[in-house]
Amino acid sequence: MEEQVTGRQIGIKFGVVFGLVSTLYTLAMAMARIQLPFVGLFIQWGIVIGVFVFACKEFKANNGNIMSFGKGFGILMMVSLIGGLIRSVASYVYFIVDPAYLDFIKDAQQNSPFGPPPDQSGAEGMEGMMAFFTSPEFMAIMSFIMAIFAGLIFGLIVSAIMKNEEDEF
């Protein structure tokens, strides 16, 4: 009989895949100095959902086409944790290597239609907050937290759609 693949093996494998793909996307956008506020979000969602679907498909293919909702959700959370950790560490290293990118982000936020108000009365306090929110540490931590939230939300959805439980008869 064929050896079954464990959820841990699939989680680690696709966690690394997710981490590398999302890191490549993030670094490519950073190096090119491109910001795609809404389109970029959909691209990232597509990466997350695509990796999650492939992880579930591979688990089911190696386990008799059976996957419970809980097992699928557990695998996808492991994928998002490992992938998020890889992406946040790589992003942190990039922010240290290329500090000019952080200046680009600050400029883009200040020139954004959602940037600071035109009266500039609280500009001193605003600059302190901007410095905190655009620090490499904060951005790396937020990258990891966002990966966890993506794992929770999309993991629930993909697991519910992809589940195929054993018959009880």
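Which backbone oxygen lies 3.1 Å from a polar atom of the side chain of Ser88? The points below take up this residue and the helices around it.

1. The model under review is predicted. In it, the backbone oxygen in question belongs to Leu85, and it lies 3.1 Å from a polar atom of the Ser88 side chain.

2. Ser88 is part of helix H3. Its relative accessible area is 7%, and because buried means under 20%, Ser88 counts as buried. Once neighbours within four places in sequence are set aside, the residues in contact with Ser88 are Ala140, Ser143 and Phe144.

3. Helix H3 covers residues 69-97, and helix H6 covers residues 136-162. The axes of H3 and H6 come within 8 Å and cross at roughly 160°. An angle over 145 degrees counts as roughly antiparallel, and H3 and H6 are therefore roughly antiparallel to each other. Their crossing is right-handed. By class, the residues of the contact of H3 with H6 comprise 20 nonpolar, 8 polar and 2 charged.

4. Helix H2, residues 39-61, also meets H3: the two axes come within 10 Å, with a crossing angle of roughly 130°. This angle makes H2 oblique to H3. The crossing of H2 and H3 is right-handed. On the H2 side the contact is made by Val51, Phe52, Ala55, Cys56 and Phe59, and on the H3 side by Lys71, Ile75, Leu76, Val79 and Ser80. The residues of this contact divide into 8 nonpolar, 1 polar and 1 charged.

5. What is the angle at which the axes of H1 and H2 cross? Helix H1 spans residues 7-31, and its axis crosses that of H2 at roughly 160°, the two coming within 10 Å. H1 and H2 are therefore roughly antiparallel to each other. The crossing of H1 and H2 is right-handed.

6. Which residues of H1 and H2 make the contact? H1 contributes Gly7, Ile10, Lys13, Phe14, Val17, Phe18, Val21 and Tyr25. H2 contributes Gly40, Ile43, Gln44, Ile47, Val48, Val51, Phe54, Ala55, Glu58 and Phe59. The contact of H1 with H2 has 13 nonpolar, 3 polar and 2 charged residues.

Key
Residues are numbered from 1 along each chain as its sequence is written. This is a predicted model: local features need pLDDT of at least 70, side-chain atom pairs count only at pLDDT 80 or more; totals for chains, interfaces and linings use all residues. Side-chain values use heavy atoms; hydrogens and water are left out. Axes are lines fitted to C-alpha atoms, for helices over the stretch in contact, and angles run from 0 to 180 degrees between N-to-C directions. Helices (H or I, at least four residues) and strands (E, at least two) are DSSP runs, numbered from the N terminus. Angles under 35 degrees count as roughly parallel, over 145 as roughly antiparallel, 65 to 115 as roughly perpendicular and the rest as oblique. A crossing is left-handed if the near helix is turned anticlockwise from the far one by less than a right angle, and right-handed if clockwise. Ala, Val, Leu, Ile, Met, Phe, Trp, Tyr, Cys and Pro count as nonpolar, Asp, Glu, Lys and Arg as charged, and the others, Gly among them, as polar. Buried means under 20% relative accessible area, exposed over 50%, partly exposed in between (1.4 Å probe, protein chains only). A polar contact is a pair of N or O atoms within 3.5 Å; within protein, one must be able to donate a hydrogen and the other to accept it, and residues adjacent in sequence count only if both atoms are side-chain atoms. Contact means heavy atoms within 4.5 Å.
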